[in-house]
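Subject: Structure for your files

Hello,

Here is the structure I said I would pass on. My notes follow it.

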Amino acid sequence: MVFEDIVAVLERAFKLELSVVQDTTVFEVASEDGSTKVQVLLQSVSERKLVLLSADLGEPPPEGCEKLFRTMLEANNLFSGTAGATLALDQTSGRFRLQKYESPDELANDAEGKLVSFIETALVWSRSIADFRPSNEAGDSPGDFGAIQV
C-alpha cells in the first residue's frame, strides 16, 4: 500500500480533503459530539519503509501530574490502553503525543480499521488529559485515574 492510498482511506473514513506535502499530511479530527479535537500527523518515513501516525493530545496539567503520568506509563505497558500506540511527552513542545509506526503492508490488511482505531484512541486520551484534575483525597492511589477505555 502506498502513502497516497493510505491518505485516500483517511479521506473516505473521515470525509476529509487532505493535501500531502513532502509525504506528510496534517489534519484535525473531532469527536462525534465535537467536544474533543486532535491534530493528527501522517508521515511516510521512506528510509524506514514505515508510516508514522502521530496525534497531539494537549498540554500536561499545570500541577499534580504524577497520577496522570503513572496512568500513561501503565497504559504504555504492553500497549494495554493505547491500541498498540505509545504515549509520549514531546521534548520540543512539552505536549503529550500518541504515536505509532505502521508498515504499509500491515496497513493494507485493514487500513481503515487501524487508522480509525488510532484516531479514536487519540480522542479518548486527549479528553482524559483535558478533564484530568489532581485529587487530594486520602487513600487515593495513583492507579485510580479513572476508566480510560480504548
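Asp 56 is buried, with a relative accessible area of 14%. Buried here means under 20% relative accessible area, exposed over 50%, and partly exposed in between, with a 1.4 Å probe and protein chains only. The model is a predicted one, in which local features need pLDDT of at least 70 and side-chain atom pairs count only at pLDDT 80 or more, while totals for chains, interfaces and linings use all residues. Residues are numbered from 1 along each chain as its sequence is written, and side-chain values use heavy atoms, with hydrogens and water left out.

Asp 56 forms a salt bridge with Arg 95, with 2.8 Å between the closest N and O atoms. Asp 56 belongs to strand S3 (residues 50-58) and Arg 95 to the loop between S4 and S5, so the pair ties together parts that are 39 residues apart in sequence. Arg 95 is partly exposed, at 25% relative accessibility. A salt bridge is taken as a side-chain nitrogen of Lys or Arg within 4 Å of a carboxyl oxygen of Asp or Glu; by this rule there are five salt bridges. Helices (H or I, at least four residues) and strands (E, at least two) are DSSP runs, numbered from the N terminus.

Another salt bridge joins Arg 70 to Glu 74, at 3.0 Å between the closest N and O atoms. These two residues are four apart in helix H2, which separates them by about one helical turn. Arg 70 is partly exposed, with a relative accessible area of 43%, and Glu 74 is partly exposed at 35%.

Lys 100 and Glu 102 also meet through their side chains in a salt bridge (3.0 Å, N to O). Lys 100 is buried at 18% relative accessible area, and Glu 102 is buried at 4%. Salt bridges with shared partners join Asp 56, Glu 59 and Arg 95 into one network.

**Arg 97**

Which side chain of opposite charge is nearest to Arg 97, a buried residue without a salt bridge? It is that of Asp 56, 4.1 Å away. For charge, Lys and Arg count as positive and Asp and Glu as negative; His and the chain ends are not counted.

Arg 97 sits in strand S5 (residues 96-102). Its side chain makes a polar contact with the side chain of Ser 54 at 2.8 Å. A polar contact is a pair of N or O atoms within 3.5 Å; within protein, one must be able to donate a hydrogen and the other to accept it, and residues adjacent in sequence count only if both atoms are side-chain atoms. Beyond neighbours within four places in sequence, the residues in contact with Arg 97 (heavy atoms within 4.5 Å) include Ser 54, Asp 56, Thr 86 and Asp 90.

**Thr 25**

Thr 25 is in strand S1 (residues 24-30) and is buried, at 1% relative accessibility. Its side chain reaches the backbone oxygen of Ser 19 at 2.9 Å. With neighbours within four places in sequence left aside, its contacts include Phe 3, Val 7, Leu 18 and Val 40.

**Positive phi**

Most residues other than glycine have a negative phi. Leu 78 has a positive phi, near 60°, and lies in the loop between helix H2 (66-76) and strand S4 (86-89). Leu 78 is exposed, with a relative accessible area of 76%. Ala 83, in the loop between H2 and S4, has a positive phi near 55° and is partly exposed at 35% relative accessibility.

Regards
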